[in-house]
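Please look over the sequence and the model shown here, and then read the short report that follows, which takes up a few local features one after another.

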Amino acid sequence: MSFKDDFKGFITRGNVVDLAIAVVVGGAFGKIVTALVQGIIMPAISLMLPNTEWHEWTLGPFQVGMLLGSIVDFLLISLAIFLVLVKGFSAINNLRNRPEEVPTTKACPYCLETIQLGAKKCRFCASSLE
């Protein structure tokens, strides 16, 4: 095969398209979480801290405040992805793929005790079930 055919086969496989979609959706989701962190969470944290300019905290030449904001961003994005993709979809799949429970017992028509489905005689009242 030629280079062109190999490349065309590579980019038209489902995995590459799925990966591209995941990158685009992940980038958009990252922007939402970053806005949440910068607009709501970090201002709430800065109310509890003595210095309200948390993002300008420095330790010598190091911008510690910016690092803390990025760490919080990362942790929240990771938590949201974990909850939605791992826990959410596994719960949905468990509900969808749950096998129907097949009963293995029934009630005796004479004494209403629980007996096995294939029983021909009730062990409680000795009635014939055929």
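## Backbone, cysteines and surface

Alanine 126 lies in the segment that comes after E2, and in this predicted model its phi is near 65°, a positive value in a residue other than glycine. Most residues other than glycine have a negative phi. Leucine 112 also has a positive phi, of about 65°, although it is not a glycine, and leucine 112 is found in the loop between strand E1 (105-107) and strand E2 (114-116).

The next point concerns the cysteines. The sulfur of cysteine 111 has its closest cysteine sulfur in cysteine 122, at 3.6 Å, and because a disulfide requires the two sulfur atoms to be within 2.5 Å, this distance is too far for a bond. Cysteine 122 is accordingly in no disulfide, and the count for the model comes to zero disulfides.

The table lists how accessible several of these residues are.

| Residue | Relative accessible area | Class |
|---|---|---|
| Cysteine 111 | 27% | partly exposed |
| Leucine 112 | 64% | exposed |
| Cysteine 122 | 2% | buried |
| Alanine 126 | 47% | partly exposed |

Elsewhere, isoleucine 81 has its place in helix H3 (residues 64-96), and at 37% relative accessibility isoleucine 81 counts as partly exposed. Isoleucine 81 belongs to a nonpolar patch on the surface, whose members also include Leu79, Phe82, Leu83 and Val84, and the residues of this patch together have about 780 Å² of accessible area.

How values were computed
Residues are numbered from 1 along each chain as its sequence is written. This is a predicted model: local features need pLDDT of at least 70, side-chain atom pairs count only at pLDDT 80 or more; totals for chains, interfaces and linings use all residues. Side-chain values use heavy atoms; hydrogens and water are left out. Patches are made of residues with over 30% relative accessible area and no salt bridge: like charges are joined within 9 Å, nonpolar side chains (Val, Leu, Ile, Met, Phe, Trp, Tyr) within 5 Å. Accessible areas come from the Shrake-Rupley method with a 1.4 Å probe; for residues, only the protein chains shown count as cover. A salt bridge is a side-chain nitrogen of Lys or Arg within 4 Å of a carboxyl oxygen of Asp or Glu. Helices (H or I, at least four residues) and strands (E, at least two) are DSSP runs, numbered from the N terminus. Buried means under 20% relative accessible area, exposed over 50%, partly exposed in between (1.4 Å probe, protein chains only).
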